[in-house]
Amino acid sequence: MNQVPDILRILPEVILTLAGVAVMMIEAVLHQNTSRRPLGWLAVGSVAAAFWASMAQFQMAPGTGFHGVVQTDSFSAFFHVLICGIVLVCCLIALDCMPERGENMGEFFALVLFGAVGMVLMSSAVELLLVFIALEISSISTYILAGFRKHSVKGPESSLKYFLLGSFATAFFLYGVALVFGATGTTNIREIAATLATTPMPAFPVIALAMMLIGIGFKVSAAPFQVWTPDVYEGAPSPVVALMSTAPKAAAFAVLLRLTYAVFPLLHVQWSSLLWLMAALSMTVGNLAALRQQNVKRMLAYSSIAHAGYLLVAFSAPSSEGIAAASFYAVAYAAMNVGIFAVVSHVGGYDDHLNSISDYRGVAYRSPLMGAVLAFFLISLIGIPFTGGFFGKFYVFAAALHAGAIWLAIIGLLNSGIAAYYYLRLLTTVYTRHAEDSAEPNIAPLSIPIVLALLLTVGSTLVLGIMPGRVLYAARWAASSVVPPTAAPTEIVVAPLQPAR
Amino acid sequence: MVPIAYYLVLSALLFSIGAGAFLIKRNIITVFMSIELMLNAVNLSFVAFAYQWHAIRGQIFVFFVMVVAAAEAAVGLAIIIAVYRTRNTLNVDQIDLMKL
Amino acid sequence: MRNPYYWNYLPFMLQVLAAVAIASGMVLASWFVGRHRSSRVKLEAYECGMVAQGDARGRFSVRFYMVAMLFILFDVEAVFMMPWAVIYRQLPQLTGSRMFGFWEMLVYLGFVLVGFFYIVKKGILDWASDKADL
């Protein structure tokens, strides 16, 4: 095994950081009235480079760098690639709908890049100190991004709510870290796991784990820690919502998977029952609340809570099958959710002039392409076959059934039925013609970035729905580096499971 | 030497006071201060544990928490100013434009 | 109070008692010895001997706050330099590379400098101009 230089282990982070600094510096020296669009393209290019660097990490010999602080293996590479992909599409969406000049648009892309550094680092950090710093880098950037429309009334409010509850959650996570440190005398994930495996269980780790679950529960907006989500999503600009409903959640789920499966495998009974509860609550609360929403972004916020719940279902599986299902679901969810927010931000615009469901009436006739793409993503969110959403749900529920969590799977399937109602309601509204041809605000003409963004998201959702094999293989490989498979790898039986209606 | 349990109890108390104040207080600045209190309570735990384990790592953690808290404070106060400019109030009960 | 551990705190306790006694003694003595004459001037807010003007709750320009905030940020960033300086001579053995510790700190300072350059360019430290969008 040849030695990998430390710097290559954090190459995506280095690329993103340097690009962020470059964007920030150019923004500072550019004249106020110059277009900031080239900065956006610079961001897109650098995220693409980081994407490529993350892909290359799959080939790298797994190991740690910088004195055991970061670890690159197939798991971290999987989430690196996912997060870089999400950020890439979000930059494209922003290029499409954000104003070209004024409001310090360069800062927007710099913050997105810095946030991406944090999220990417979260998935490869194996030292709780670095996990904490990465979490904060990503959080602080998203706090600012949420309130980016600082002159609107809702922007600062959204940012404030996100900030206050986010830091509250961080404090809980940090207290959990402190207790783990107290119980084991170390903050390195591998050393913690080794210490916990040999010492008899004191009470500390259980409390510590519960505290960390609270902190991460907030970040992934799982019930009962979901209250901030709809308000923040409503007030934040749509490209930002596309980013923060997927990328930080994927990163937080990566941390959660590492914590639960690699650090506290002995506490499996405790955390799996807690996560069982969180999953059931998130699905039910999210879907029931989404039924009565009038605002599209709020509805999608509740839908994202429900999807966090579906993902948590995978944690009921004790083996690497759960990790694989959760990772696959993270990809499928990211593809369709970023996609639907691409449509929402193109149709609704930067200022959200179309925001309620009734505003979306007849969108499909004013812009047939947007209508069709929106319909496609809604179908995928419902979980109808030939879309990524179907296989995502399928593997998650299969993993739960394998582990014997039958009730959780039943709750999940019932919830998918409820969810279909509000997704279909939006779908029918989009395809309902106006009674009289009123003077509605027109939808902006298509631009190159939005076409690229839609191509990428529609393409990946379709690929995940028709030939999920490669991604599933990558997810299983990722899972194997968190939990080495003990028995023969359990093949997921392709049973004729009914698609969620 | 003061037994470590004292520090831990104090830290837990401070953390609970912070969490309680976060939920009860109505002024945004006070709410924000209670978050800082929670972070500093955690810092106390870290230092106590670092002393007990003779592990310098806990104290390094405190440095980083302090720096992150400062960064968070800067961003948080900027957000609070932005809120004040659009609303002319710092009462969390009146920041309620978006509700269920 | 058999625990010898608590006796370690006896000097501390004595000092607290002495401080309280001296402080309250001075206040009480002046209360008993002095004469009490109340007047308008005495009830006014004390402002370095000047005649107080305006309300204490006036609003300040946000620039003061910006400078204070930036001061805190740059101030706290120095926290990493202290431990670095203390163990700088041992860093080659600890990291296994002769210059690693040096370059690490240079990278860190580079980022701090980038931030400083940014705020200067954005005109935050420029008191007289309205270039910055505050």
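**A loop in chain A**

Tutor: Gladly! Let's start with S221(A), which sits in the loop between α9 and α10 of chain A. Keep in mind that this is a predicted model.

Student: Why is S221(A) called buried?

Tutor: The cut-off is 20 or more other C-beta atoms within 10 Å. S221(A) has 29 other C-beta atoms within 10 Å, so S221(A) is buried.

Student: What makes the phi of S221(A) worth a remark?

Tutor: Most residues other than glycine have a negative phi. S221(A) is not a glycine, yet its phi is positive, near 50 degrees.

Student: Which peptide bond is cis, and how do you know?

Tutor: Look at the bond from A223(A) to P224(A): omega is near 0 degrees, and the bond is cis. P224(A) also lies in the loop between α9 (203–219) and α10 (228–235) of chain A. For comparison, most peptide bonds are trans.

Student: What makes F58(A) partly exposed?

Tutor: F58(A) has 18 C-beta neighbours inside 10 Å, so F58(A) counts as partly exposed. F58(A) lies in the loop between α3 (37–57) and β1 (63–65) of chain A. Leaving aside neighbours within four places in sequence, F58(A) is in contact with S74(A) and A77(A).

Student: Why is α12(A) called mostly covered?

Tutor: Count its residues: 16 of the 17 in α12(A) are buried. The helix takes in residues 247–263 of chain A. From first C-alpha to last, α12 of chain A reaches 23 Å, close to the 24 Å expected at 1.5 Å a residue.

Student: What is the pattern of chain B along the sequence?

Tutor: Chain B reads α-α-α, with three helices and zero strands.

Student: How does chain B stand against a compact globule?

Tutor: A compact globule of 100 residues would have a radius of gyration near 13 Å, but chain B has 17 Å. Along its principal axes, the C-alpha trace of chain B spans about 50 × 25 × 25 Å. Buried residues make up 33% of the 100 residues in chain B.

Student: How does chain C stand against a compact globule?

Tutor: For 134 residues the globule would come near 14 Å, but chain C has 27 Å. The C-alpha trace of chain C spans about 70 × 65 × 20 Å along its principal axes, and 0% of the 134 residues count as buried. Chain C has seven helices and zero strands. Its domain assignment gives domain 1 (4–43) and domain 2 (62–121), and 44 Å separate the centres of these two domains of chain C.

**Where chains meet**

Student: What makes up the contact between chain B and chain A?

Tutor: The contact takes 30 residues from chain B and 30 residues from chain A. On the side of chain B, α3(B) gives the most, with 15 residues. The residues on that side divide into 24 nonpolar, four polar and two charged.

Student: How many residues of chain C are in contact with chain A?

Tutor: Five residues of chain C are in contact with six residues of chain A. The chain C side divides into two nonpolar, no polar and three charged.

Student: How confident is the predictor in chain A?

Tutor: The mean pLDDT of chain A is 89, and 94% of its residues reach 70 or more. Over residues 487–501 of chain A, though, pLDDT stays under 50.

Terms used: Residues numbered from 1 in each chain as written. Chains lettered and ligands numbered in written order. Predicted model: local features only at pLDDT ≥ 70, side-chain atom pairs only at ≥ 80, totals over all residues. Contact = placed C-beta atoms within 7 Å. Nonpolar A, V, L, I, M, F, W, Y, C, P; charged D, E, K, R; others polar. Helix = DSSP H or I, 4+ residues; strand = E, 2+ residues; numbered from the N terminus. pLDDT = per-residue confidence, 0-100. Domains from an automatic or database assignment. Rg over C-alpha atoms; globule rule 2.2 N^0.38 Å. Buried ≥ 20, exposed ≤ 12 C-beta atoms within 10 Å, placed from the backbone. Expected span 1.5 Å × (residues − 1).
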